[in-house]
Amino acid sequence: MSGPNAPVSQAVILAGGQATRLRPYTDTRPKAMVEVAGRPIVDYQLEWLAGHGVEHVVVSCGYKAEVLREYLEGRPGGPEITLLVEDEPLGRGGALRYAASGLHESADPYFALNGDVLTWFPLDEFTEFHRGKGGMATLALAQYQTSWGIVDVTDDGAIEGFTQSPMLPFWINAGVYVFERAVTGLLPEKGDHESSTFPDLAAEGRLFGYRISGFWRGVDTVKDVKEAGEQIPALRG
């Protein structure tokens, strides 16, 4: 099924970086294979995408690619997976462009995910928002939660209390996108799309942001692995 109202059926996942801040977890595996609550990050992502109608996913990797290949080849169930290996670091924008080369030919949009993101939100609503705006790309946005405690203090210096790790009134790139096919050719062959493609699209009024609610977690440090490993069983239990 294709057309303006069809569900998005393809996606790419960037699973390339060495993730030095996740050592020792990444001494023997790529970041996407780091286990959180007993399962690799990529497994949660593939399950989430398949549950929203995604039938084909391109996984772009580089560091320790053989570990990811072995796991994906033995993984039961959908979606169909194509694994591409970067011969050299391409940067996030270059990696997205390279990964998109493995998608099945189609005029329909596709999802793109950073390989270190754990999240669950309705991708059908995300797609509907994107199509309603008529732009070229839409970013999922997560509300920023500081890791620092906030001191509640009056103008005259009296401390009234403390708030640990509150949500702040700012929104950050959640690392999940929906792209029209034409965006692929606008991505850099090497480099970062956030300093090239995205600013250009924003200046032209063709880039939009979809605020998500619910669980979102970037897994970038050993602390993130531990905290996400505690959150996920509670959420799913």
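1. Let's start with a pair on one helix. In this predicted model, Glu230 and Lys226 join their side chains in a salt bridge, with 2.9 Å from N to O. Both residues belong to helix α6, and since they sit 4 residues apart there, about one helical turn separates them.

2. Which parts of the chain does the bridge between Arg92 and Asp192 tie together? First find the pair itself: the side chains of Arg92 and Asp192 meet with 2.9 Å from N to O. Arg92 is in helix α3 (residues 91-100), and Asp192 is in the loop between β11 and α5 (197-203), so this bridge ties together parts that are 100 residues apart in sequence. Arg92 counts as partly exposed, with 33% relative accessibility. Asp192 is partly exposed too, at 27%.

3. Salt bridges can also be linked up. Here a network of them connects Arg39, Asp43, Glu47 and Arg75. One link in it is the bridge from Glu47 to Arg39, where the closest N and O atoms are 3.4 Å apart. Glu47 has a relative accessible area of 36%, so it is partly exposed. Arg39 is partly exposed as well, at 22%.

4. Now for a backbone detail. Most residues other than glycine have a negative phi. What is the phi of Ala37? The angle is near 55°, a positive value in a residue other than glycine. You will find Ala37 in the loop between β2 (35-36) and β3 (39-40). With 38% relative accessibility, Ala37 counts as partly exposed.

5. Next, the largest pocket. Rolling a probe the size of a water molecule over the atoms shows where empty space is left. The volume of the largest pocket is about 730 Å³. Its lining is made by 25 residues, and those nearest its centre are Gln145, Trp216, Arg217, Gly218 and Asp224. Two or more lining residues come from each of β8 (137-145), β11 (167-179), β13 (216-218) and α6 (222-236). So helix α6, where we began with Glu230 and Lys226, turns up again among the elements of this lining.

6. What kinds of residues line that pocket? Sorted by class, the lining has 8 nonpolar, 11 polar and 6 charged residues. Among the residues nearest the centre you can pick out Trp216 and Arg217; Trp counts as nonpolar and Arg as charged.

7. The surface has a nonpolar patch too. Val151, Val153, Ile159 and Phe162 make a patch of about 410 Å². Strands β9 (149-153) and β10 (159-164) are the elements that each give two or more residues to the patch. Take Val151 as an example: this residue lies in strand β9 and is partly exposed, with a relative accessible area of 41%.

8. For contrast, here is another valine. Is Val178 buried or exposed? Val178 is in strand β11, and it counts as buried, at 0% relative accessibility. From Val178 to Asp200 there are 22 residues in sequence and 17 Å in space, C-alpha to C-alpha.

9. The cut-off matters here, because buried means under 20%. Glu73, in helix α2 (residues 65-74), counts as exposed at 62% relative accessibility. Glu73 and Leu83 are 10 residues apart along the chain, and their C-alpha atoms are separated by 9.6 Å. Leu83 and Arg236 are 153 residues apart in sequence, with 29 Å between their C-alpha atoms.

How values were computed: Residues are numbered from 1 along each chain as its sequence is written. This is a predicted model: local features need pLDDT of at least 70, side-chain atom pairs count only at pLDDT 80 or more; totals for chains, interfaces and linings use all residues. Side-chain values use heavy atoms; hydrogens and water are left out. On a 1 Å grid over the protein atoms alone, a cavity is a set of points where a 1.4 Å probe fits but cannot get out, and a pocket is an open set with protein on both sides within 12 Å along at least five of seven lines; lining residues have an atom within 4 Å of a point. Grid points are joined across faces, edges and corners, and a volume is the space filled by probe spheres set on the points. Patches are made of residues with over 30% relative accessible area and no salt bridge: like charges are joined within 9 Å, nonpolar side chains (Val, Leu, Ile, Met, Phe, Trp, Tyr) within 5 Å. Accessible areas come from the Shrake-Rupley method with a 1.4 Å probe; for residues, only the protein chains shown count as cover. A salt bridge is a side-chain nitrogen of Lys or Arg within 4 Å of a carboxyl oxygen of Asp or Glu. Buried means under 20% relative accessible area, exposed over 50%, partly exposed in between (1.4 Å probe, protein chains only).
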